[in-house]
Amino acid sequence: MSCAAAFSLPNMSNHQNYKKYRTKHDHDTFESFVTMRTGIDLNNHLTTESKTESNRKEAECPAPGSSEAVYWVGEGQLYESPSGKIIANIEGFDVSKGVFMDQNHIRQFSRKIFWFRDPNTNELLTEYNGQPVQPIKYDWQVFDLKRGYNPNDPSMAPILPSVVKGPRSVPCMPVTPRYAGSDVIHYQCPLFIDIETPKGTYQAWEIYDYTLDLTHDANRPPSLSWSRQGSNPPFIQDGMGVMHFLGHRLDSFEELPEQIRTLVEEEYSLFQDPPMDMEEVHQLEQETMMRTPSNNGSVNGVNKANGRSTISSGSRQ
């Protein structure tokens, strides 16, 4: 289902007040987002007709912010709700790349993994109150990112995401941009989940907020704030939890913190790179289905517990 058909855009008429900030930068909000999020170099995909003398030199140079793959790394906390008690620290990363479909359509290939750590010692958690603790892990996720239209301000094009392949299909909402001065742009990515699973209703909300410095200062990389409220992960039997995560973008696996690199190299080598293509994704799907019995409460490789997936982290961008 198209996001545009499922959800309307928020009232963005107030963005007229921010037009004065765009005198210095006249950025394409769609292109800026997909390059920030996936690293795709759109200069490599100028059409023959668009390769005018004015942008020929631009096409010969990598686009600012482009990278073969991008790594969104960070840390945060899992809170008990409504008490606010910190249950665990969380740390991890998402690795992604973008594939060009057309000028208004980019396909994002991703994986992500997050670990839980003791809130006092920061040691890796392997059990909690006698229950085994496993990392949040998505071996593959594929999204389509398409250009939307904002009737209140056509220069502020939203991004329309949709799930192509992943542990589950959820309705997506438009990603909306907003300038903060002339050199900074924010992108808000909301997600509200209310779906039926083989074990019952699953409900949660998540909001991703990305911040991009349009000057591409290496000392101010793109950053991310992610918040989620929903059912606790399976190692906590009941209740609702809140997760909050702060992160930023890196452009290589070698830049990740040493403790994360070591974990990946020793136990989760798949996560060193994003999925290569749809062929790899299909192969991973088949391998997951073959090793996951259909009668153990597992669907498409996602373990269920009391109607909850392993945790609804990062089902979105």
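With which residue does R37 form a salt bridge, and how far apart are the closest N and O atoms? The partner is D94, and the closest N and O atoms of the two residues lie 3.2 Å apart, a salt bridge being defined as a side-chain nitrogen of Lys or Arg within 4 Å of a carboxyl oxygen of Asp or Glu. The model is a predicted one, in which local features need pLDDT of at least 70 and side-chain atom pairs count only at pLDDT 80 or more, while totals for chains, interfaces and linings use all residues. Residues are numbered from 1 along each chain as its sequence is written, and side-chain values use heavy atoms, with hydrogens and water left out.

The strands of the model form an open sheet of 10 strands in the order β7-β6-β3-β2-β1-β12-β11-β10-β9-β8, with antiparallel pairing. Strands (E, at least two residues) and helices (H or I, at least four residues) are here DSSP runs numbered from the N terminus, and two strands are taken to pair if DSSP finds at least two bridges between them. The edges of the sheet are formed by β7 (159-165) and β8 (176-179), each of which pairs on one side only. Neighbouring strands of this sheet are turned against each other by 25 degrees on average, direction ignored; for such angles, axes are lines fitted to C-alpha atoms, for helices over the stretch in contact, and the angles run from 0 to 180 degrees between N-to-C directions.

Strands β1 and β2 pair in the antiparallel sense over 10 bridges, with G92 in β2 as the bridge partner of G74. The hairpin of β1 and β2 has four residues between the strands, and in this hairpin G84 takes a positive phi near 85 degrees. The following hairpin, of β2 and β3, has two residues between its strands; β2 and β3 pair in the antiparallel sense over 13 bridges, and the bridge partner of K97 in β3 is F109. Because 12 of the 17 residues of β2 are buried, this strand is largely enclosed by the rest of the structure; buried means under 20% relative accessible area, exposed over 50%, and partly exposed in between, with a 1.4 Å probe and protein chains only.

Strand β3 also pairs with β6, in the antiparallel sense and over nine bridges, and the bridge partner of Q108 in β6 is F143. On β6, nine of the 12 residues are buried, so that this strand too is largely enclosed by the rest of the structure. Strands β6 and β7 pair in the antiparallel sense over six bridges, among which V142 has K165 in β7 as its bridge partner.

Side chains of opposite charge can pair when their charged atoms come close. The structure holds 12 salt bridges, including the one between R37 and D94. This pair links distant parts of the chain, with R37 in helix α2 and D94 in strand β2 (residues 86-102), 57 residues apart, and both R37 and D94 are buried. A further salt bridge joins the side chains of R147 and D28 at 3.1 Å, N to O. Here R147 lies in strand β6 (residues 136-147) and D28 in the loop between α1 (3-6) and α2 (29-38), 119 residues apart, so that this pair likewise links distant parts of the chain. R147, at 27% relative accessibility, counts as partly exposed, and D28, at 25%, also counts as partly exposed. The side chains of D251 and R249 meet in a salt bridge at 2.9 Å, N to O, in which D251 is partly exposed, with a relative accessible area of 37%, whereas R249 is buried, at 7%. Salt bridges that share partners join R37, D94 and K112 into one network.

With a disulfide defined as a pair of cysteine sulfur atoms within 2.5 Å, the count comes to zero disulfides. C172 counts as buried at 4% relative accessibility, and C189 counts as buried at 0%.
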